[in-house]
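Here are my notes on the model, point by point. Please read them with the structure open.

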There are 2 protein chains.
Amino acid sequence: MPSYQAPLRDYRFLLHELLDLGQYAALPGFADAAPDLVDAILDEAAKLTQEVLQPLNQIGDEQGCKLENGVVTTPEGFKAAYKTLVDGGWPALVVDPEYGGQGLPNTLGVLFNEMVSSSNMAFGMYPGLSHGVYSALHVHGSDELKKTYLPKIVTGEWTGTMNLTEPHCGTDLGLLRTKAVPQADGSYKITGQKIFISAGEHDLADNIIHLVLARIEGGPAGVKGISLFVAPKYLLKKDGSLGARNAVTCGALEHKMGIHGNATCVLNYDGATGWLVGEEHKGLRAMFTMMNEARLGVGLQGLSQSEVAYQNALAYAKDRIQGRSLTGIKAPDKAADPIIVHPDVRRMLLSAKAFNEGARALLVWTALHGDLANRSGDEKVREFGEDMMALLTPVIKGYFTDRGFANAVECQQVFGGHGYIDEWGMGQFVRDARIAMIYEGANGIQALDLVGRKLASNGGRGVFAFFKLIDDFIAEAGTDETLKPFVAGLSTARKDLEAATLWFMENALTNPDNAGAGSTDYLHMFGVTALAFMWAKMAKLAAEKLAAGTQEKDFYETKIATGRYFIDRMVPETALYLARVRVGSASMMALAADNF
Amino acid sequence: MPSYQAPLRDYRFLLHELLDLGQYAALPGFADAAPDLVDAILDEAAKLTQEVLQPLNQIGDEQGCKLENGVVTTPEGFKAAYKTLVDGGWPALVVDPEYGGQGLPNTLGVLFNEMVSSSNMAFGMYPGLSHGVYSALHVHGSDELKKTYLPKIVTGEWTGTMNLTEPHCGTDLGLLRTKAVPQADGSYKITGQKIFISAGEHDLADNIIHLVLARIEGGPAGVKGISLFVAPKYLLKKDGSLGARNAVTCGALEHKMGIHGNATCVLNYDGATGWLVGEEHKGLRAMFTMMNEARLGVGLQGLSQSEVAYQNALAYAKDRIQGRSLTGIKAPDKAADPIIVHPDVRRMLLSAKAFNEGARALLVWTALHGDLANRSGDEKVREFGEDMMALLTPVIKGYFTDRGFANAVECQQVFGGHGYIDEWGMGQFVRDARIAMIYEGANGIQALDLVGRKLASNGGRGVFAFFKLIDDFIAEAGTDETLKPFVAGLSTARKDLEAATLWFMENALTNPDNAGAGSTDYLHMFGVTALAFMWAKMAKLAAEKLAAGTQEKDFYETKIATGRYFIDRMVPETALYLARVRVGSASMMALAADNF
């Protein structure tokens, strides 16, 4: 049976030491994020996820969700666990106090989400999607819609979903066919079929609030004719209590590779009543508010599975004895050495560990910039925060989920044959992690978003600001011996990334396929560089702590050693990605489709 | 529903054009491998696999095997399909005529195995393991054992298994506890528990012949006290007919991530009767005969899943319309372009295609050298064949299965959300491919075998002979324009591989962890270099065909373009692997186990 321990020491290191959240106490919500309060919240969240959610993870995988007569039943224990989550007020954590939220920074929220997802990814999607619906309604909904729906979404009494995909379209939403017909009372009748709707129907909450993309009858073709609607499972009476069942039903549950505990629904809209969110024909923009947040949330799912897979692989590697160290017997009292003595086992473990800690740093760093974009009184800080969020969202979504999956696979490998057996739970981490590379915009779309949109936006303001941050760090780092390899590695990665960026500028205008051909490599290069930056910052901090004298020598030395591994073995990847970017699109586009 | 078409044109290209099997007609068995005979066999095999085995693949995954009262039932249709296989004489294809085989070269056999595995990997393991048992008994069994067991294994009436792993030991067989007690009649009573026994119990055949590693009571500890035994499910009467049930039973079936159609058994030996195969205490050597062949067979499983996943992804990419080409509309009659216009989709497809065709070339080239090692009258040729087999077996096992899995994942990605849904079958390819990285020696063990054993054996004779082959090719290739990039790419890869080889020689003696730390990178570098070599050879041949004028211009031009993709985008990996090898083991070994 797999286990999970929330990495609380690492969380405290990031929030209090690396980001020093205390310095933002004057901003809304940050005063409540004082170290002792944050630590208390993290401790409670750890209990919830370790004791309530994690024990249900394998059960959820084995049982899956069931559909009978239109009613979806979640796995054993999910309902009670969801009630515990709601009773604890967790859905309100980072939500606007006006609607009952606690208003804490999302910098803390992403760590809570990581814990939930590490302990039970399929379960975490129920509240996760609700939060996305909250965000979209909060920004784009009318006051009336907000008053109607937000309070109960904030408490978690109701959950939410996002309905984009149809059988014939996912990425290309311009093709969507679901229709909305205006009614005399200002509502719309929505008709069409939506697929892959996570948490689309279930027994956890009293009501489910669907956000649906549809085309208003007679609206323009393509993406310019798409509008966003809210359509609850149960219509509301005047007093806000639940009324009639709306004409939206679950037609089927998908049988899928993983996240069995989450109900992936075909939703049929047969003249369901809905209300417009935001402006007519501008639904895609409104939905993107939700999707950007969702993409960060999916990125952290990649990290979350890498983390829990790593923890279990580490425990196995310390316990399992097999063979002897290449450099001589290490456990003479045992019939063999624990397999953690073998370099190749360490390679698999450290690749995950060095990614996890670096990725987590980038996650909170980016979330902080999102918070600053929303809460800072300084326009420059807000703009910079927005730039970092926009630039790094596709990187976090694409790189974290690709690497998170790869790490889960390598951690499974540590178990040898036992890793393939369901009982050990490693296969579930791999199968669950797999979806994160696909949904909320497949990773190829993230790469195109990065290369085709984010690099160029505001004349490259975001990416050049990011380079400058790195340059400033390098200039400040000086010639400290411990930091030297970090500075060298970071400089190399930064140079490669800049070279690739310039190559796109020179070669993609004349032939956009040159951008498409190198986009995934570029995204990975960006991810490696951003993590190298985070590792350099963390190593600097750790070196300062050690120099100042600390009770936790092991912790800070381990930070430096882990970062060193990242620099030694991951940073060399940037040269490969650059070489591939520079190859361009010729050999990729050479074959006619019929000659494949 | 996924589909499969045997890549027959590619097979003919490899056997008749690249290898020119006709030149070996004087060797035993090769006369029967004349082009028209080979083509007829391939055509029949394609029918069997496409029409009989492939339609059962998803059924096998869904139903799995069932154990009731010690009896294992395979999925619906497996029994009839197995009978078709046996009736067709397929298990006898590459087997010694003395025992009823057709004696054809294994060069052909590996392609038959690829087809079987692409169409239904779980099913293919039943005859696959039987063939391994055949090989071990054929080389190490006494005449009496051979006469007793081989004929019915050759027909396929009986199947076989290999029993190595125990709950506490897999890689480190020195720890095994299963005991064999000598009996007065020359037999042994075997007692112990074996796990992960593929095809360990089932309803396909009348008898199952288990090869079992056990320790003869009082024998030396460690690997030097391990002996190999044969223990049939049913003991035989004097006349060879089935007698009493032997005391070996299936205690449980494992619930696992994939290959559900194959029964993975816990086998309990409770004083089961067995007979020694080969010499006392030399069982590991005997088992290795079987394992080397099995490793080639597992390597091709990686290729097989990459191939079938590629075929289905290609069909989807041509059919699915979504978005428009970055360089302008390509299908103006449709609402969107087929997704094969997008560079990143092509990247995923071509990475698989370029691997598949290069890997298949290396597979048959290596199998041919195995055949020459066994059948040539020229001692030099035999020695060279043995060297190539020894050197390339871990490369094929490790690199093919790592890449095959990665390709299956990328081909699944082409489907977007649909790739995650069971119905489309892509998840099964990924899950089935996953085991090939683990069993028959986890890939980390393959890497150690390559670096720690194969490089050094006979003073590096094998690896230096391999370098010389490449050098000779480069010298001959001259300055042909089409070949230039192939020669350049191959030269770079070869140079990097040699540099890594020399680095190990200089740094691993003083610290063996330096070999362990770089072993997986080195194995991948070897794989890329070997495939670059195969691609250069194929491109040369294709260029010659085109220069001479051919009816199949598209076929040969596609070969060159596909190879060019491999050179452009895969060969740059060798620099990364070299950089990682040279980093050494310091940062990998730095952390104490408790500080992970």
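1. Surface. Chain A exposes about 20,600 Å². Carbon and sulfur atoms supply 53% of that area. Buried residues make up 64% of the 596 residues in chain A.

2. Confidence. This is a predicted model. The average pLDDT of chain A is 97, and 100% of its residues score at least 70. For the complex, the predictor gives an ipTM of 0.98 and a pTM of 0.98.

3. Fold and dimensions. Chain A holds 17 helices and 11 strands. Its C-alpha trace spans about 80 × 60 × 60 Å along the principal axes. A compact globule with 596 residues would have a radius of gyration near 25 Å; the 24 Å of chain A agrees with this. Among contacts in chain A with a separation of 6 or more, 74% are between residues 24 or more positions apart.

4. Symmetry. How is chain B superposed on chain A? A rotation of 180° does it, with 0.0 Å of shift along the axis and an RMSD of 0.0 Å. The two copies are therefore related as by a two-fold rotation axis. In chain B, the C-alpha nearest that axis belongs to Leu576(B), at 3.2 Å.

5. Interface. Of the interface residues of chain B, 100% are also interface residues in chain A, so the copies meet through the same surface.

6. Over all chains, the count of salt bridges comes to 70. One of them pairs Arg347(A) with Glu410(A), with the closest N and O atoms 3.0 Å apart. This pair links distant parts of the chain: Arg347(A) sits in helix α8 (residues 343-375) and Glu410(A) in helix α9 (residues 379-414), 63 residues apart. Arg347(A) counts as buried, because its relative accessibility is 8%.

7. Bridges within a helix. Lys353(B) and Glu357(B) form a salt bridge at 2.8 Å, N to O. Both lie in helix α8 of chain B, 4 residues apart, about one turn of the helix. Lys353(B) is buried at 6% relative accessible area, and Glu357(B) is buried at 11%. Arg453(B) and Asp449(B) form another salt bridge, with the closest N and O atoms 3.3 Å apart. These two are 4 residues apart in helix α11 (residues 443-454) of chain B, so about one helical turn separates them.

8. A network. In chain A, salt bridges link Asp10(A), Glu114(A), Glu307(A), Lys353(A), Glu357(A), Arg360(A) and Lys559(A).

Key. Residues numbered from 1 in each chain as written. Chains lettered and ligands numbered in written order. Predicted model: local features only at pLDDT ≥ 70, side-chain atom pairs only at ≥ 80, totals over all residues. Heavy atoms only, no water. pLDDT = per-residue confidence, 0-100. Least-squares fit on C-alpha atoms with pLDDT ≥ 70 in both. Contact = heavy atoms within 4.5 Å. Rg over C-alpha atoms; globule rule 2.2 N^0.38 Å. Buried < 20%, exposed > 50% of the residue type's maximum accessible area, 1.4 Å probe, protein only. Areas by Shrake-Rupley, 256 points an atom, 1.4 Å probe, with all protein chains shown as cover. Salt bridge = Lys/Arg side-chain N within 4 Å of Asp/Glu carboxyl O.
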